[in-house]
Amino acid sequence: MNIREWFEYANSHNVLPEQFHQFMVNHVQKVVVLYQKVNEEIPFFAKGNHAKSKFVVAFTDVDAARQVKVEQPEYVKMVEESTIGFLIKSLRLQVDGIVFNPGLPSRYFVMKQYLKDLIKEYLVMKLSQLPGPWIPTQGQHLLCVDANQGSWAVAIYASEQDAKEMCNQSGLHQAAVIQHPWSAVIEWCQRFQIHTPPYLHFGLPEATLLTSQDMDRILRGPQAGYQEFHSVVHDFVAPNPSSSSDPNRHVTPPVQEEPVEQKEKTVPQISKPLPQISQPFAPIDELATTSPEVKKEKVSDQSLPNQQSASNDRRWATNPYRLRNIMTPPGTEIYVGPKQVTIDISDWPINDLSTERDTILPKPANPQNSTLFQTVSEGSSPNTKPNTENDENADLDQDIREGLNQLKRLISDGGGVSSWEVCKVLAKLRKIWVITSQKELVILARENGSPVVDLFTSKESAQHIIDQEKAKKPDLPSLTPQLVETETMYKKFAKRNPVVWINRSNANEYRVALGDPLPFVLQLMNQMR
């Protein structure tokens, strides 16, 4: 049984996700992906059963990928690439999941809620073959992060590239990325009484906290080295050894992928063993074995000839599977006293009121965030407890109030909170306090030539800096604390590559120690949808 046949079996027998993950990790180390040559970073998409849903398209082999029908195949790039890399790349896109072999009987959906688990299985397998993980290191200290359980965990990475990417984004330029042996990692954790399993790919979208069972599998592995698969580019149009000049030669038309209805399945437990795959396998003629279910699917708008001729958007590199996700910017709710008013700030300008006198001298790090590396004494416990506080947002909606209070507790914690954790909370917030002036968002300070975005966890904290600024510069226009929608505000300021401060000039002020925090926060918001 080859890979395509196993996918057909998995569909017809309602194979459990765990069993599918096991099969993928053991047998599917590379996939075939189609890209547009004009934008080689964006793969082809297929429609789902909702108007705005879309799935990344991948194929189990080259012959399956060549069944896709496009108007201009010369603008299609076909790449055979590592499954791990493709899965991670797909997770970071705004999609509902992956569909393998669309238009064929072996078509198989992997929904996004299962994609992260599948990635973890691949990374655990890879780590079990490596002699040790890559870890950002300073001196004798390994990178430790809050495990969201009041305890610390070592941050580990399955590749040097991923570890360096996290360091560059977080501003840990002095950290050295070192591949430590597993024995050294375990000894270090025992020395500092860190009992929580490692945090895999912390700071990246696929980040997950490993379990004790995961670590058992890793430590039982061969640890002799992992063989990376390097991408191979194939011709999208199959070479034809026979003469193509014969006008009577019959060519079987390829299969056109259609919008499909993926079904929510109630998966029964199966007791019989799964079929084994045989390698190598001979490609089978999928054109002759296309299932009746596929043939009865509705035809997409791009595949109808009459609609194609009437379309005004037949660009030379149109992707037949690509969807346009048109999103209307929502209105922004602003609180004026206890009354809630909806106002759209998407057209509000940003007024830079800062001068040379308002330049902030950059601090090396926040006092409570002086290092992301655990520096507790040997034998001491790294656990921390959140601080208590008075609720300054009692008149707000419960979810907004809880989010702002969580942010305040986090930046007030003296236990060494990381900027990555702060960004996660910023991404979850629906609204946050800023300073405005007559339908304008304002900038009051600069740091190293970059504008400073001032965010606040309460109206009182925002008013405190307003009073200070007015005392220094009485000619400032009227400034007002406003509670605004986070996403719209983040997008407006992100274009200026600002430095982000929370509760600046207050007792619990916090500087987000990342090189470009707002784009990262927006990326997290997209992943949380």
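Predicted model: local features only at pLDDT ≥ 70, side-chain atom pairs only at ≥ 80, totals over all residues.
View 1. If you're looking for disulfides here, the count comes to 0.

**View 2. An open sheet of 4 strands.** Follow the strands across and you get the order β10-β11-β13-β14, with mixed pairing. The edges belong to β10 (144–146) and β14 (208–209), each of which pairs on one side only. As a bit of background, strands of a sheet pair through backbone hydrogen bonds, either parallel or antiparallel. Zoom in on β13 (residues 199–200) and you'll find it running antiparallel to β14, with 2 bridges joining them. Here L200 stands opposite T208 of β14.

**View 3. Helix α14 crossing helix α15.** Helix α14 covers residues 486–494 and helix α15 covers residues 517–528; their axes come within 9 Å and cross at roughly 145 degrees. The crossing of α14 with α15 is left-handed. On the α14 side, the contact uses T486, E487, Y490, K491, F493 and A494. Facing them from α15 are L518, P519, V521, L522, M525 and N526. What kinds of residues make up this contact? Sorted by type, there are 8 nonpolar, 2 polar and 2 charged ones.

Definitions and conventions: Residues numbered from 1 in each chain as written. Heavy atoms only, no water. Disulfide = S-S within 2.5 Å. Pairing = 2+ DSSP bridges. Axes fitted to C-alpha atoms, helices over the stretch in contact; angles between N-to-C directions. Left-handed = near helix turned anticlockwise from the far one by under 90°. Contact = heavy atoms within 4.5 Å. Nonpolar A, V, L, I, M, F, W, Y, C, P; charged D, E, K, R; others polar.
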